[in-house]
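Please look over the sequence and the structure first.

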Amino acid sequence: MKPGLLGYISLVWLLYLPLAGCTSTDDDGQPGLAVHERPAEDRILALEELYQETQAHPLAYYYMNRAHAAQIQAEAAALGGPMPTALRQGYASSLLKGGLSEAAIEQYLLLQKDADYASPYSTTGKPLLESLGIAYLRLGEQQNC
């Protein structure tokens with residue numbers, strides 16, 4: 001069986017990699033060690049520093065969704081009264097992205113009671129209905145897996 005074009009491209013790429021100089025350079029422009037060649041202790045320390053940074057400033061990282069949800073909830077509590085619609089929308093989205101599907105569904109259902117979001121044909125109602133559907137799908141996935 002003859003290899004196809006994809007097979008030839010893969011073979012050329014594998015032969016090219018050693019020639020490509022897969023090393024980094026340091027600040028002086030001298031060849032340095034590639035990432036996978038660094039000592040394990042350095043990699044562990046770098047990961048520890050990154051972890052400490054994300055814990056110190058969680059809102060600077062888009063994937064810290066539970067921290068975002070907590071921040072939004074604190075802002076809404078500071079305002080007093082019911083959570084404003086714009087905050088509730090961001091809160092529900094952060095909950096869903098953070099894996100808290102049941103809490104997100106509760107917030108989306110509260111949003112659905114709002115007059116602006118009531119109609120699935122409105123510009124705000126359709127995205128809400130889509131987000132609610134995704135939340136139910138994720139909840140089903142979490143319960144069945």
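## Overall make-up

The model is predicted. Its chain contains six helices and zero strands, so that the order along the sequence reads α-α-α-α-α-α. The chain has 145 residues, and 21% of them are buried.

## Helices α4 and α5

Helix α4 covers residues 85-97 and helix α5 covers residues 101-113. Their axes approach to within 8 Å, with a crossing angle of roughly 155°. Angles over 145 degrees count as roughly antiparallel, and α4 and α5 are therefore roughly antiparallel to each other. The crossing of these two helices is left-handed.

## A nonpolar surface patch

Four side chains, those of Leu 47, Leu 50, Tyr 62 and Tyr 63, make up a nonpolar patch on the surface. Together these residues have about 500 Å² of accessible area.

One of them, Leu 50, belongs to helix α2, which spans residues 40-56. The relative accessible area of Leu 50 is 45%.

Gly 140 is found in helix α6, residues 125-144. Its relative accessibility is 21%, and Gly 140 therefore counts as partly exposed, since buried means under 20%.

Along the chain, Gly 140 and Ser 101 are 39 residues apart. In the model, 9.2 Å separates their C-alpha atoms.

Conventions: Residues numbered from 1 in each chain as written. Predicted model: local features only at pLDDT ≥ 70, side-chain atom pairs only at ≥ 80, totals over all residues. Heavy atoms only, no water. Patch = residues over 30% accessible without salt bridge, like charges linked within 9 Å, V, L, I, M, F, W, Y side chains within 5 Å. Areas by Shrake-Rupley, 256 points an atom, 1.4 Å probe, with all protein chains shown as cover. Helix = DSSP H or I, 4+ residues; strand = E, 2+ residues; numbered from the N terminus. Buried < 20%, exposed > 50% of the residue type's maximum accessible area, 1.4 Å probe, protein only. Axes fitted to C-alpha atoms, helices over the stretch in contact; angles between N-to-C directions. Parallel < 35°, antiparallel > 145°, perpendicular 65-115°, else oblique. Left-handed = near helix turned anticlockwise from the far one by under 90°.
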